[in-house]
Amino acid sequence: MSARASWEHEKESAWLYRVLAESEPVAAHRALFAKLGAEAESQASIWEKEVGAQAAFTPSVRARLVATLVRRLGARRLRGVLAAMKVRGLSVYSGALAAHAMPTTVEEVGRRHSGVKSGGGLRAAVFGANDGLISNASLILGMAGATGESDVILLAGVAGLLAGAFSMAAGEYISVRSQREMFEYQIAAERDELEEYPLEEAAELALIYAARGLEPDEAQRVAARIVSNPEHALDTLAREELGLDPDALGSPWGAAGFSFAAFSAGALVPLAPFLFASGTPALVTAISLTGAALFAVGAAISLFTGRFAFVGGLRMLAIGCAAGLATWSIGRVFGVGLG
C-alpha cells in the first residue's frame, strides 16, 4: 500500500470512528471509538509527512454508504462490513462474560481463543445434510404426485441430488474464498502497520482492553507485552482490533467438498429406496426413511439451540412434512392437468 493510500485509509478510518462514536448508545463504546479516531488521525499524520501537503479529505462513496447504514442499523449489525473496512474495536460487541476475566498475559489471550471453532464441522454437517434431505425429499414427492413412474422419479431425484450438491459446493467455495481474501488483506495491512508504528498499535489495543473492563494501566501493560512479542502480536491484533479469527481462514476447496458430501448424504436418504425398488413400496420406504432422518436431524440441531431433542425432532419432522405435502400437492395438480 502506497503512502498516499495509507494516509487516505487512516483518514477514512478516523472519519468512520467519528460516525460510530456519534451513533453508539453505550458510553464506554462511544469513548473507545472517539479515542480510536484520534489514534487514526495520529497515524494519518505519520503518513502525511511522507506524502506532503494534502487537499481536504473526502470520504469515499463506500464509506458514506456504510456510515448511513451504521446510523440507521447500528455498528453491531454491521460488524462484518466494518471489519472489511479495517475498523478496529469491534470485539467489544462480543463483551466479556461474567465468569470470564479479561486476559492479563499473552498466554491467557491464546487460551481464551482456543477451541473457538469447536463443533463447527459437526454443525455444518448437520445443516448441510438437512438441506439435502428436505430439498430432495420435496422434489421426489413432487414428482411422485405428478407421475407414478419410478424411473422418472429416480431420474429427478438423482438430478436434484447432483444439482443441489454442486450448487451448495459452489456457494460454499465462493463464501469461504471471499472471506479468506478479506481476512488475508486485513491481516496483511495490520502486519504493515505493526511494523510501521508498533507503539500506536499497542495504544489502540490498550484502549480496546480498557473499554472491555481492564484497568487502564493494566491494559497498557498487557498491550505492550503483546505487541513486543511478534509471534503473538499479529494474531491478537487481528482478533481484538478487527474482530477477525486468523485460524478461521479455511480452505475453499475443503469447504466445497465438505458441503457437497453433507448435502449428498442427506439427499440420498429419500432417493435410496428407488435404487432398489419401485412403485408404492419404494415411495412408502422413502417417506419412512425421510421422516426418521428429519427427526434425527432435528434432535441433532438441538445440540446447538439448547432445546429439548424430542421437541427439536418433532419440529423438524413437521417442517419436512409440510414441505413434502406442499410439493406433492403441486405435483398432483400439475400431473392431473398435464394428463
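Modeller: Leu 69 is found in helix α3, which covers residues 61–73, where helices (H or I, at least four residues) and strands (E, at least two) are DSSP runs numbered from the N terminus. The model is a predicted one, in which local features need pLDDT of at least 70 and side-chain atom pairs count only at pLDDT 80 or more, while totals for chains, interfaces and linings use all residues. Residues are numbered from 1 along each chain as its sequence is written, and side-chain values rest on heavy atoms, with hydrogens and water left out.

Helix α3 has 13 residues and reaches 18 Å from its first C-alpha to its last, close to the 18 Å expected at 1.5 Å a residue, the expected span being 1.5 Å times one less than the number of residues. Ala 63, Val 66, Ala 67 and Val 70 are the buried residues of α3, where buried means under 20% relative accessible area, exposed over 50%, and partly exposed in between (1.4 Å probe, protein chains only). Viewed down the axis of α3, these buried residues fall within an arc of 105 degrees, so they line one face of the helix; the arc is that of the directions from the helix axis to the C-beta atoms. An α-helix has 3.6 residues a turn, so residues three or four places apart point the same way. The face of α3 that is turned away from the buried side carries the exposed residues Val 61, Leu 65 and Arg 72.

Leu 69 itself counts as partly exposed, at 33% relative accessibility. Together with Leu 65 and Leu 73, Leu 69 makes a nonpolar surface patch of about 260 Å². Such patches consist of residues with over 30% relative accessible area and no salt bridge, like charges being joined within 9 Å and nonpolar side chains (Val, Leu, Ile, Met, Phe, Trp, Tyr) within 5 Å; the areas come from the Shrake-Rupley method with a 1.4 Å probe, and for residues, only the protein chains shown count as cover.

Arg 71 also has its place in α3 and, at 48% relative accessibility, counts as partly exposed. Although Arg 71 and Ser 23 are 48 residues apart in sequence, their C-alpha atoms are 5.7 Å apart in space.

The structure holds four salt bridges, each a side-chain nitrogen of Lys or Arg within 4 Å of a carboxyl oxygen of Asp or Glu. In one of them, Lys 11 pairs with Glu 41, their closest N and O atoms being 3.2 Å apart; Lys 11 is in helix α1 and Glu 41 in helix α2, 30 residues apart, and the pair links distant parts of the chain. Lys 11 counts as buried at 19% relative accessibility, whereas Glu 41 counts as partly exposed at 26%. Arg 18 forms another salt bridge with Glu 41, with the closest N and O atoms 3.1 Å apart; Arg 18 lies in helix α1 and Glu 41 in helix α2, so this pair ties together parts that are 23 residues apart in sequence.
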